[in-house]
Amino acid sequence: DPEPESGFNSQWNFYFGQFHAHTNISDGTGTVEQAFAYAREVDNLDFFAVTDHSNSFDNADGGAVDKDGMSVSQEWATGKTAAKEVTDENFVGIFGYEMTWPEDLAIGHINTFGTPGWQTRDQAGMHTLKGYLDALAAVPDSVSQFNHPGLFYGDFRSFADYDPRHDARVHLLEVGGEGSFTAYDAFTTALDAGWHLAPSNNQNNHNGNWGNASGVRTVVLAEELTEEAIYDAVRNYRVYAAEDPDLKILYHLNDRIMGSIMGETASLTADIQLIDGSGDAVGQVQVVTNGGKVVSSVDI
């Protein structure tokens, strides 16, 4: 694996977006074109992803994560084309998919981006988390997100199936989503289990209002506003979750930028900067470690 990044690149910018939404391609409302057209007009929204359920695509079971799906599924082609056409220097449209398993398997849902095709739960070998993450190895530059872990959709067996080979396949964990859902405790559980993940905050839209159903945002530090630059930020965990649509957070530990993977050290010095564009009060900053233990806090 490449060495983790250190320091702050002065060319990086804060880009605000969301990585989870649906249209009438699966169980949402409205077309994918309508979703992107709506989202690009939302304030403080630089990128937006539509992630319809892969098992809902036409010819769904004919796909593969490393197979060009444009000729396999008209709905996949429509989504990919709509994302490309809405993208310009001010906004990035992303079309990925949500891999879902039946609730009785208690696995969960995963969003995947940056692949030429998709997998579905009904294909051979795809009935387990291991089977799916093994398949993602065929597209090593792809990025994925654990979605809304919980008792209803599945909590990924409390993330107990950690495997170093699979760690690099999943990069995000959704700590906030549809309605009042939050999963901050699950994020701590996943980190304690060994997974390297950054937190994301999305809306899981099913009823329109793509991008402004609430003010939550996933924020990335990237050099430019392009799909690949966003994926590069995700792969390097330069990502944070916000319940505020314009909160900028920049932090270092021992001069290493957020998302860096560090070895053991005798002490840590945290440098944390917070800027709220609308002047909202921040309140309290906490440093949280294993088991959710708060080891330092300050009111600002």
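**Note on the predicted model**

1. The accessible surface of the protein is about 13600 Å², and carbon and sulfur atoms account for 47% of that area. The model is predicted, and all comments below should be read with that in mind.

2. On the overall fold, the protein has 6 helices and 14 strands. Its radius of gyration is 18 Å, close to the 19 Å given by the globule rule for 300 residues, so the protein is as compact as a globular protein of that length. Along the principal axes, the C-alpha atoms occupy a box of roughly 55 × 40 × 35 Å.

3. Of the contacts with a separation of 6 or more, 67% join residues 24 or more positions apart.

4. Phe-47 has a relative accessible area of 0%; because the cut-off for buried is under 20%, Phe-47 counts as buried.

5. The contacts of Phe-47, leaving aside residues up to four places away in sequence, include Tyr-15, Phe-16, Gly-17, Gln-18 and Phe-19. Phe-47 also touches Phe-91, Val-92 and Ile-94, as well as Thr-218, Val-220 and Ile-230. For one of these partners, Thr-218, the separation from Phe-47 is 171 residues in sequence and 9.5 Å in space, C-alpha to C-alpha.

How values were computed. Residues numbered from 1 in each chain as written. Predicted model: local features only at pLDDT ≥ 70, side-chain atom pairs only at ≥ 80, totals over all residues. Heavy atoms only, no water. Helix = DSSP H or I, 4+ residues; strand = E, 2+ residues; numbered from the N terminus. Rg over C-alpha atoms; globule rule 2.2 N^0.38 Å. Contact = heavy atoms within 4.5 Å. Areas by Shrake-Rupley, 256 points an atom, 1.4 Å probe, with all protein chains shown as cover. Buried < 20%, exposed > 50% of the residue type's maximum accessible area, 1.4 Å probe, protein only.
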